[in-house]
Amino acid sequence: MSEQSATAELSAEDRKLLTMARSARARINAIEGAAVRDGDGRTYTGVSVRLPSLSISALHLAVASAVAAGATALEAALVVTEASKVDPGDLAAVRDVTAGIPVYLATPDGTVAAVGTA
């Protein structure tokens with residue numbers, strides 16, 4: 001993920017992704033929350049899940065939810081985490097559906113720390 005701006009201005013639709021990702025994360029006190037918007041404007045969320053037999057990142061879960069619902073393209077993705085960058089494997093999952101879309105990294109307080117492309 002290449003950083004373009006640490007203070008990226010979010011559109012109304014991207015602010016919705018931020019709200020949804022933060023809410024999903026807070027609902028179960030997850031390490032990460034994520035949200036993606038598909039080509040039809042529908043949104044999907046995910047949270048990080050860590051179980052003895054299953055481990056999945058928030059962005060992987062959000063992308064999987066979109067694909068499972070029939071999405072064939074994504075417009076944007078956003079991850080809320082304390083990490084300093086989006087995991088390369090998460091970016092690859094986004095790229096598998098649609099390359100070149102914006103991927104935002106936000107801190108738990110809702111500050112956009114970075115924006116890059118998948």
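Let's start with two helices. Helix α2, residues 58-68, packs with helix α3, residues 88-97, at an angle of about 15°, and their axes are 9 Å apart. Those axes are lines fitted to C-alpha atoms over the stretch in contact, with angles from 0 to 180 degrees between N-to-C directions. So α2 runs roughly parallel to α3, a label for angles under 35 degrees.

A word on the source. This is a predicted model: local features need pLDDT of at least 70, side-chain atom pairs count only at pLDDT 80 or more, and totals for chains, interfaces and linings use all residues. Residues are numbered from 1 along each chain as its sequence is written, and side-chain values use heavy atoms, with hydrogens and water left out. Helices (H or I, at least four residues) and strands (E, at least two) are DSSP runs, numbered from the N terminus.

Which residues meet? From α2, L59, H60, V63 and V67; from α3, G89, D90, A93, V94 and V97. Contact here means heavy atoms within 4.5 Å. The residues of this contact divide into six nonpolar, two polar and one charged. Ala, Val, Leu, Ile, Met, Phe, Trp, Tyr, Cys and Pro count as nonpolar, Asp, Glu, Lys and Arg as charged, and the others, Gly among them, as polar.

Now α3 itself. Its buried residues are D90, L91, A93 and V94. They cover an arc of only 155° around the axis, so they sit on the same side of α3. The arc is that of directions from the helix axis to the C-beta atoms. Buried means under 20% relative accessible area, exposed over 50%, partly exposed in between, with a 1.4 Å probe and protein chains only. What do the buried residues of α3 pack against? α2, β5 (74-80) and β6 (102-106). The face turned away carries exposed P88 and D96.

Technical notes: Angles under 35 degrees count as roughly parallel, over 145 as roughly antiparallel, 65 to 115 as roughly perpendicular and the rest as oblique.
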